[in-house]
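Please view the sequence and structure first.

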Amino acid sequence: MSVVRRYVATLHDPMDRRRFLGSGAGAFLGVVTTWQRAAPQGPDSLPGSGPSGRLWDPSRAGRPLEPVTAADNAEAIQAIEKRLRCTCGCNLDVYTCRTTDFTCTTSPEMHRRVLALANQGKTAQEIIDDFVRQDGVAILMAPPKHGFNLAGYFAPSIVILIAALLLVLALWRWTRRDAEEPAPAVAVPADASPEELARLKRELAELPE
Amino acid sequence: MTLLGSLALWVAFLLGIWGALTGFVGGLRNRYDLQQSARRAVFAMFGALAIAVVALEWALFHHDFNVEYVAAYTSRNLPIFYTWSALYAGQKGSLLFWATVLSLFGTLAQLFTARRHQVYLPYVAGVVSVVTVFFITVMLFAANPFTRLPYTPLDGSGLNPQLQNPGMVFHPPMLYLGYISMTIPFAFALAALMSRNLDSDWLVAIRKWTIVSWLFLSIGLLLGMWWAYVELGWGGYWAWDPVENAALLPWLTMTAFLHSVMIQEKRGMLKKWNLALVIGSWLLSIMGTFITRSGVISSVHSFTESPVGYYFAFFLVASAIISFTLYTRRLPLLTAEARLESMVSREASFLFNNLLFVGIAFSVLWGTLFPILSEAVQGTKVTVGPPFFNQVNIPLGLALLALTGIGPLIAWRRASIANLQRQFAVPVTVGVFTGLALLVGGMRDFYPLMAMALGGFVLGTVVQEFARGTRARHRQYNESYALALARLVGRNRRRYGGYVVHVGIVILFVAFAGMAFKTETEATLKPGESATLKSPYGWTYTFTHLGISQYDQLNRQVTAATIEIRRDGKRLGLLTTEKRQHVDALGRPTFQPSTEVGIRSDWREDLYVVLGGVVNGSEQAVFRFTINPLVWWVWYGGMILTLGGLLVMWPGGGSPAVKRTQAGYAVKLVGEGSP
């Protein structure tokens, strides 16, 4: 036995042809009349152009920053900062830290100090000396070249040079001893024909070794 | 499961002690039953540690936040990929990973070592057991990954955002595999010393292991560089950080060993030196771990600092004393079987190559430890950063690059003047031509110029070696050039694989030199505004800020800035750089916002854009724009280096004597009788 389900669809407010066309015409006129009012939207990000110029949740974008100034990009300032270590524990120089770890508050502070000293008319070396006076030599990315630090710079080269000299001496002794006591010549029986030996010689002469 | 994990650790600990005792006693007293017991103890130890790993992964995947390690390194919304890698994201888990892989390598060494080397295996089982027991001891008494908390947090702290990068999933295990696999050559070296079987046989047993270890270390270092470049955002890939240096040290000494081992194999010389290099490399790997774990030296890897470093310090000192005592007592047995015949020979060039490798390792170690030394001597702590390392190591690196080209050109035993002239003519011409071309092109920086000229010289050497070998085969066997080249490489993979590695090294050096021409600028841009930057190639890049959007993604809230890039006015496309605020499953921030760099890479240069932050809560943003020349070549040079390493270690190819003959040349090895 089959069951047939019947669905009855009822239009509560059936629309006749006249009303349908009337609605269409009204919609068309509505679009046409409002066409000029809806000017094409400009870039929604233009600053000051409304709420779109602001972030929905600025806290997600990290610590608020100040706009970059020409002094921030000055090569002289960067050169100074590349010689100074950020003390936040990142092991980076001040310039790299302040342009990399934007959560760090130490490197921007050190940067401001460099700018302040530069504005006082101090030279690069004077600025660096000022940091060393206040924070010790560990503030420098590389130890200054005096006193015990010279050992840091030159010990590897000196050790390698001494080792190279010793190696040359040892090689000279070994090769001289070898020349004085030549290894006994052992006659190796040739199990090849003279033609084959000649070919071998030719091939060997062309080989890299 | 954590109870099972703890139990498995204790079982592995006891098995390790048994394996060490039976291994050494069985080897020294030649007791077969004890030797077999040691072998089975290593297998069982691996089984127990594998159970511990499964138990920890189970806790990680089931978010068992009552386990301290799980709560510290994961959260409910951490992507599954990183939940798995959290196994080695922290100190305790990485110790477990280390011990497990070491016992696996120990098992593989027992299973796959050829029968003729069986005399070493009990000692190898003993050494592997001792080292594994050390790691298990650290876990059981100082850093147990199964420690439970007195309460259960609703969610974990999550994984450090900088570790949520594919590079970080593969970089630590690769580096660990390099470090860990180094224990096997070390174990064979100690086995040779203990068993007094000090001919060149033990070298054959460890050859593959050494290359495997070197390859893993190389890949680990390269992946670490890649991770630092794409994730840390400072625009470089190598910062001479103490932990980077710690990984580089054993790589340098292993590379020295891979060269000097050829002299022992071919001439029976340098036995003392090779043993010292194997032992030294392993000790350096433990020292690297000590530096990483202890925090004794300030490092960017400070997330792994803990008191377990002192366990490593003790283990390092004890291992060094035992190894070198054994070594010095066996020195009389380590006499050379042949003499050096000339100062102008391949052997002598390899000795200088070793001198430079070990010299660079010494200078890196010296620089890394100098702050401690300075504090001890002059009471002042100093910082030893990139300026120091670059000043000391760049000249040494260039000398090494020169030797990379010189070594293969000099004949074994003795080179004649005529031979030298014939060998050096083409490579020197290529090197000089490269240098002159760059000089005429306007390059004036000395070190980059030298690096590229020497790179040309080494490439000339390699191409000449391939060309001559191919031509010789073509003439001798009437093979086509393509077939001759394929057979030349296939039948002498070690030699020609080594040359491929040299090509990779040249590319890396050239890429490093490229960084000397890096340019960068910072700019604050409102949407629609642009900044320009001149490339070292003379192009002008224009970066236009299009706007910022904010949205949620996986376990983070993203603030993304879109930049349009033009080169000399021609549009190249869009780049996106992000700030990411990671959150836990309850939406609470877990870490400080991190930066996601936008990178556009091609073979000439990388455009590297970093979103610093926003000004006053608006879409006005601070950017850093950097142009890094030739970075692409670091990754592709690394791939070529890896390919060369794989070629060297690829199995098969017949017996060495047959391979040498078929490769078109023959060198009589030490100990080989007349045919």
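Helix α8 of chain B covers residues 183–195, 13 residues in total. From first C-alpha to last, α8(B) reaches 18 Å, close to the 18 Å expected at 1.5 Å a residue. The model is predicted.

α8(B) is mostly covered, with eleven of its 13 residues buried. Among them are B:Ile184, B:Phe186, B:Phe188, B:Leu190 and B:Leu193. B:Thr183 and B:Pro185 are buried too. After α8(B) comes B:Arg196, with a positive phi near 65°.

**A helix pair**

Helix α1 of chain B packs against helix α6 of chain B. The table gives the geometry.

| Feature of α1(B) and α6(B) | Value |
|---|---|
| Residues of α1(B) | 2–28 |
| Residues of α6(B) | 121–141 |
| Packing angle | about 150° |
| Distance between axes | 7 Å |

Angles over 145 degrees count as roughly antiparallel, so α1(B) is roughly antiparallel to α6(B). Their crossing is left-handed.

On the α1(B) side, the contact includes B:Leu9, B:Phe13, B:Gly16, B:Gly23 and B:Phe24. The α6(B) side includes B:Tyr123, B:Gly126, B:Val130, B:Ile136 and B:Leu140. The residues of this contact divide into 14 nonpolar, eight polar and no charged.

**A residue in α12**

B:Ala320 lies in helix α12 of chain B, residues 308–329. B:Trp282 is 38 residues from B:Ala320 in sequence. In space, C-alpha to C-alpha, B:Trp282 and B:Ala320 are 9.7 Å apart.

Methods
Residues numbered from 1 in each chain as written. Chains lettered and ligands numbered in written order. Predicted model: local features only at pLDDT ≥ 70, side-chain atom pairs only at ≥ 80, totals over all residues. Axes fitted to C-alpha atoms, helices over the stretch in contact; angles between N-to-C directions. Helix = DSSP H or I, 4+ residues; strand = E, 2+ residues; numbered from the N terminus. Parallel < 35°, antiparallel > 145°, perpendicular 65-115°, else oblique. Left-handed = near helix turned anticlockwise from the far one by under 90°. Contact = placed C-beta atoms within 7 Å. Nonpolar A, V, L, I, M, F, W, Y, C, P; charged D, E, K, R; others polar. Expected span 1.5 Å × (residues − 1). Buried ≥ 20, exposed ≤ 12 C-beta atoms within 10 Å, placed from the backbone.
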